Amino acid sequence: MIERLLGDDVRSSGRYLAEVIYGANDGIVTTFAVVAGVAGAALKPSIVVILGVANLLADGFSMGMSNYLSRRSEMDYRATVDDGVPTDADPDKSPANTALVTFLAFVAAGWMPLIPYLFGVDPLFPSSVAVTGIAFFGVGASRSLVTNRRWYVNGAEMFLVGMAAATVAYVVGALLSGFA
């Protein structure tokens, strides 16, 4: 159905959908985990920014490189199984491209939980929760541009999964607050 409305190019533009969703979701989750953990431990807001930015860039790089190694390993395995003849379904989807897409999606979406802290939007933590929830829903809903699922189902699914992970981080921060 989506091909009839928007043409075949939309399907091919979804070639990196897994990397975009994986990177964006993990970027939001891990950055918000820092925010929620620090808020749960009742530490200074400046700690959120320091740890959040450090996490954003280091974990984003790690995710990209892990994706590179994963894709490279998959290609090497397929070549071995198929007697050295590459049978990759999408030869244009190189390990370097998947790594870059994952990294960019991670960093672009991962900034969202930090926005209230960077711009001083009070109350800081509740504002971060709101921005994070909107980011989860927006990234999830955007999947409907290249899938046949309804936008609000995709958005709600990613919102629920992401906020569950964020809740875990907040609870752990609150439980460990005595160590700070």
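This is a predicted model: local features need pLDDT of at least 70, side-chain atom pairs count only at pLDDT 80 or more; totals for chains, interfaces and linings use all residues.
Biologist: Let's start with the whole chain. How many helices and strands are there?

Modeller: The chain has eight helices and zero strands. Read along the sequence, the pattern is α-α-α-α-α-α-α-α.

Biologist: What share of the residues is buried?

Modeller: Of the 180 residues in the chain, 38% are buried. The chain exposes about 9,900 Å², and carbon and sulfur atoms supply 68% of that area.

Biologist: Now two helices. Why are α3 and α4 called roughly antiparallel?

Modeller: Helix α3 covers residues 17-40 and helix α4 covers residues 45-81, and they pack at an angle of about 155°. Angles over 145 degrees count as roughly antiparallel, and therefore α3 and α4 are given that name. Their axes are 9 Å apart, and their crossing is right-handed.

Biologist: Which residues of α3 and α4 meet?

Modeller: From α3, they include Y22, D26, T30 and V34, and from α4, they include I47, L51, N55 and M63. By class, this contact has nine nonpolar, five polar and three charged residues.

Biologist: And at what angle do α3 and α5 pack?

Modeller: The angle between α3 and α5 is about 40°, with the axes 7 Å apart. Angles under 35 degrees count as roughly parallel, 65 to 115 as roughly perpendicular, over 145 as roughly antiparallel and the rest as oblique. The crossing of α3 and α5 is right-handed.

Biologist: Which residues meet there?

Modeller: Among them are E19, Y22, G23 and T31 in α3, and T98, T102, F106 and G110 in α5. By class, the contact of α3 with α5 has eight nonpolar, seven polar and two charged residues.

Biologist: You mentioned T102. How do you know whether T102 is buried or exposed?

Modeller: Buried means under 20% relative accessible area. T102 has a relative accessible area of 0%, so T102 is buried. T102 sits in helix α5, residues 95-110. Leaving aside neighbours within four places in sequence, T102 is in contact with E19, Y22, G23, M63, G64 and N67.

Biologist: What about S127: what makes S127 buried?

Modeller: The relative accessible area of S127 is 14%, so S127 is buried, the cut-off being under 20%. S127 lies in helix α7, residues 124-142. Not counting residues up to four places away in sequence, S127 touches P116, V121 and D122. S127 and P116 are 11 residues apart in sequence, and their C-alpha atoms are 6.1 Å apart in space.

Biologist: D122 has a neighbour, P123. What kind of peptide bond joins D122 and P123?

Modeller: A cis peptide bond joins them, with omega at about -10°. P123 lies in the loop between α6 and α7.

Biologist: One last residue. Why is A42 called exposed?

Modeller: Exposed means over 50% relative accessible area. A42 has 67%, so A42 is exposed. A42 is found in the loop between α3 and α4.

Biologist: And what is phi of A42?

Modeller: Phi of A42 is near 60°, a positive value in a residue other than glycine.

Terms used. Residues are numbered from 1 along each chain as its sequence is written. Side-chain values use heavy atoms; hydrogens and water are left out. Axes are lines fitted to C-alpha atoms, for helices over the stretch in contact, and angles run from 0 to 180 degrees between N-to-C directions. Helices (H or I, at least four residues) and strands (E, at least two) are DSSP runs, numbered from the N terminus. A crossing is left-handed if the near helix is turned anticlockwise from the far one by less than a right angle, and right-handed if clockwise. Contact means heavy atoms within 4.5 Å. Ala, Val, Leu, Ile, Met, Phe, Trp, Tyr, Cys and Pro count as nonpolar, Asp, Glu, Lys and Arg as charged, and the others, Gly among them, as polar. Buried means under 20% relative accessible area, exposed over 50%, partly exposed in between (1.4 Å probe, protein chains only). Accessible areas come from the Shrake-Rupley method with a 1.4 Å probe; for residues, only the protein chains shown count as cover.
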